[in-house]
Amino acid sequence: MNKIIIHWTAGTGVPNSVDLKHYHFLIDKYGRINNGIFKPEDNENCYDGKYAAHTGGGNTGAIGVAMCGMCGYSSPDKIGSYPINKVQCEATFMTVAKLAKKYNINIDDKHIMTHYEFGKNNPKTSSAGKIDIVYLPPYPDVKQNQIGDFIRNKVKWYAQRL
Ligand SMILES: [Zn+2]
């Protein structure tokens, strides 16, 4: 495994059966970590159809971690009825730190990114234009293009304490 891509599900605060197929780990609104149907190692080879399809054009070698929520989000003024929360964010950052350690993945923008960042950096993939994650409800002052660095700093903080 060589990278970790962080998402929101665009669903409710708990995973549904479709979400469980598309991500390896899903952090629900209680901060609980739900294992998806596929393991990270299933994404080493995506040609057999048995893998978590979380990032169009970037699934191979990529661990998909998703925060459950953000159904109905359209802008910072209209975040819908299922905003991701602080407990959930922190549990996600810690989960990413643990995965980075387990798989020996560097905590930098080449290896740990949001789906939004992946889409921006890979404009010819179907991930282009993805909005997860352009807004973190518990941290409303963090601007869209700062969120990746904000998350990586949080992940580093947890990684130093593992
Ligand atoms: Zn996504």
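Two residues are said to be in contact here if their C-beta atoms, placed from the backbone, lie within 7 Å. The model is predicted: local features require a pLDDT of at least 70 and side-chain atom pairs count only at pLDDT 80 or more, while totals for chains, interfaces and linings use all residues. Residues are numbered from 1 along each chain as its sequence is written.

The overall form comes first. The protein contains four helices and five strands, where helices (H or I, at least four residues) and strands (E, at least two) are DSSP runs numbered from the N terminus. Read from the N terminus, these elements follow the order β-α-β-β-β-α-β-α-α. For 162 residues, a compact globule would have a radius of gyration near 15 Å, and the 14 Å of the protein agrees with this; the radius is taken over C-alpha atoms, and the globule rule is 2.2 Å times the number of residues to the power 0.38. Along the principal axes, the C-alpha atoms fill a box of roughly 40 × 35 × 30 Å. Among contacts with a separation of 6 or more, 62% join residues 24 or more positions apart.

The five strands form an open sheet in the order β3-β2-β4-β1-β5, with mixed pairing; two strands pair if DSSP finds at least two bridges between them. At the edges lie β3 (33-35) and β5, each of which pairs on one side only. From one strand to the next, the twist averages 25°; angles run from 0 to 180 degrees between N-to-C directions, and axes are lines fitted to C-alpha atoms, for helices over the stretch in contact.

A residue is buried if 20 or more other C-beta atoms lie within 10 Å of its own, exposed if 12 or fewer, and partly exposed in between. Of the 162 residues of the protein, 40% count as buried.

Helix α2 lies across β1, β2, β3, β4 and β5 and runs at about 165° to β4. Helix α4 packs on the sheet as well, touching β1 and β5, and its direction makes about 140° with that of β5. The 17 residues of α2 should span 24 Å at 1.5 Å a residue, which agrees with the 24 Å between its end C-alpha atoms; the expected span is 1.5 Å times one less than the number of residues. The buried residues of α2 include Phe93, Val96, Ala97 and Ala100. Just after this helix, Asn104 takes a positive phi of about 60°.

These elements meet in the nonpolar interior. A nonpolar core is a set of buried Ala, Val, Leu, Ile, Met, Phe, Trp, Tyr and Cys residues joined through C-beta atoms within 7 Å. The largest has 37 residues, of which Ile4, Val65, Val96 and Val155 touch the most other members. Elements giving two or more residues to this core include β1 (3-8), β4 (62-67), α2 (86-102) and α4 (147-159), and α2 gives the most, with six. Leaving aside residues up to four places away in sequence, Val155 touches Phe93, Val96, Ala97, Ala100, Ile107 and Ile112.
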